[in-house]
Amino acid sequence: MTESTVPEATEIFAAHRELLFSIVYNMLGGVADTEDVLQDTWLAWVGRNRAGAEEIANSRAYLVRIAVNNALARRAQESRRRETYVGPWLPEPLVTDLPEVRDSADAVEPTLRAESVSMAMLVVMETLTPLERVVFVLHDVFGYPHAEIGEILSRDAAAVRQVAHRARSHVHARRPRFQADPRAQRAITEKFLAAQLGGDVTALLELLAPDATFWSDGGGKSRAALRPIHGADKIIRLVTSPGISAGVPDMGVHYRWVNGDPSAVIMSGGSPYVVVVLDIDPETERIRGIYAVRNPDKLTHIDLGAGQR
């Protein structure tokens with residue numbers, strides 16, 4: 001391409017931006033990091049086209065390859081920063097303003113189901129190696145065949161297949177394959193918050209699985225537990241302790257979709273204060289995990305009026 005055809009390159013990149021965002025976000029779990037990777041990908045893409053190089057036969061595959069490899073480099077940088085992170089690290093929540101939950105999971109928009117990985121799944125994916133994670137994301141989330149992943153990563157398809165099997169086994173050993181019905185998740189989220197704010201210990205005991213875990217990410221910038229809290233009794237003591245809700249001035253609760261799950265955004269004075277995502281056992285419909293993102297740096301991109309992306 002020449003300078004005169006750069007607008008065409010811009011149009012091609014824009015057509016694939018949503019796919020690139022979803023792949024990179026699922027690799028990194030951070031919105032700001034994902035945007036930085038996409039910016040680097042864009043600059044590389046435009047630079048190549050301005051250089052007048054030979055026309056690319058498959059623009060989508062080329063852009064995904066650039067984005068994935070840029071994301072792997074960013075992941076290496078993030079791993080070093082995580083070593084000094086204060087308390088548990090949770091992904092930045094992707095909040096979307098979608099229609100009300102209807103009768104079943106089939107009512108959820110197909111594009112959201114295809115692109116969203118739940119907060120609980122992202123946490124499990126943090127335990128994978130960078131290579132395992134990118135292969136798992138491309139194959140199990142986006143349906144890329146092993147051979148195509150091999151081309152993206154410059155690896156043999158057989159080696160990719162082995163990595164995919166190892167990653168899938170690791171994830172499935174730690175994460176059930178099925179999720180709760182969205183309508184049930186919305187109802188349980190409402191019950192949990194009502195019980196917490198009302199200090200209703202009996203209701204909380206009925207909602208929480210005995211071995212539930214509570215993760216709170218404040219990043220050293222907001223009050224949060226410095227390690228995961230295990231066990232329903234300990235969680236109840238924490239969430240009903242004096243000052244938890246009293247310390248939130250002008251509090252408001254907004255129910256939104258977070259990473260594809262019906263969840264809650266707690267506001268204080270018109271600004272996001274904490275995002276609460278519940279992981280619910282689809283069989284018992286009891287809460288097995290609570291994820292509370294309070295790090296203000298991870299909430300700045302939330303716009304409840306306009307949604308995200």
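Here is a tour in stops, each with something to select and a note on what is there.

**Before you click**

This is a predicted model, so local features need pLDDT of at least 70 and side-chain atom pairs count only at pLDDT 80 or more, while totals for chains, interfaces and linings use all residues. Residues are numbered from 1 along each chain as its sequence is written, and side-chain values use heavy atoms, with hydrogens and water left out.

**Stop 1: helix 2**

Select residues 31–50, which make up helix 2. Helices here are DSSP runs of H or I with at least four residues, strands are runs of E with at least two, and both are numbered from the N terminus. Helix 2 has 20 residues and spans 28 Å from first C-alpha to last, close to the expected 28 Å; that expected span is 1.5 Å times one less than the number of residues.

Now show side chains. Which residues of helix 2 are buried? They are Val-31, Asp-33, Thr-34, Val-37, Leu-38, Thr-41, Trp-45, Val-46 and Asn-49. (Buried is under 20% relative accessible area, exposed is over 50%, and partly exposed is in between, using a 1.4 Å probe and protein chains only.) An α-helix has 3.6 residues a turn, so residues three or four places apart point the same way.

**Stop 2: the salt bridges**

The structure holds 16 salt bridges, each one a side-chain nitrogen of Lys or Arg within 4 Å of a carboxyl oxygen of Asp or Glu. Select Arg-75 and Glu-126, whose side chains meet in one of these at 3.0 Å, N to O. Arg-75 sits in helix 3 (residues 59–82) and Glu-126 in the loop between helix 5 (119–125) and helix 6 (130–141), so this pair ties together parts 51 residues apart in sequence. Both Arg-75 and Glu-126 are buried.

Next, pick Arg-166 and Glu-132, which meet at 2.8 Å, N to O, in another salt bridge. This pair links distant parts of the chain, with Arg-166 in helix 8 (residues 157–174) and Glu-132 in helix 6, 34 residues apart.

**Stop 3**

Switch to cartoon view and find the open sheet of 7 strands, ordered 1-4-5-6-7-2-3 with mixed pairing. (Two strands pair if DSSP finds at least two bridges between them.) Its edge strands are strand 1 (95–96) and strand 3, each pairing on one side only.

Zoom in on strand 2, residues 208–217: 8 of its 10 residues are buried, so the rest of the structure largely encloses it. Strand 2 pairs with strand 7 in the parallel sense over 6 bridges, and runs antiparallel to strand 3 (residues 229–230), joined by 2 bridges. Click Thr-213: its bridge partner in strand 7 is Gly-289, and in strand 3 it is His-230.

**Stop 4: a pocket and a cavity**

Select Gln-196, Phe-214, Ile-244, Val-274 and Arg-294, the closest to the centre among the 24 residues lining the second largest pocket. Its volume is about 450 Å³. On a 1 Å grid over the protein atoms alone, a pocket is an open set of points with protein on both sides within 12 Å along at least five of seven lines, a cavity is a set where a 1.4 Å probe fits but cannot get out, and lining residues have an atom within 4 Å of a point. Grid points are joined across faces, edges and corners, and a volume is the space filled by probe spheres set on the points. Helix 9 gives this pocket the largest share of its lining, with 4 residues.

Finally, look at the second largest cavity, about 60 Å³ of space. Of its 13 lining residues, select those closest to the centre: Arg-175, Gln-179, Asp-261, Leu-278 and Asp-279. Strand 6 gives the most to this lining, with 4 residues.
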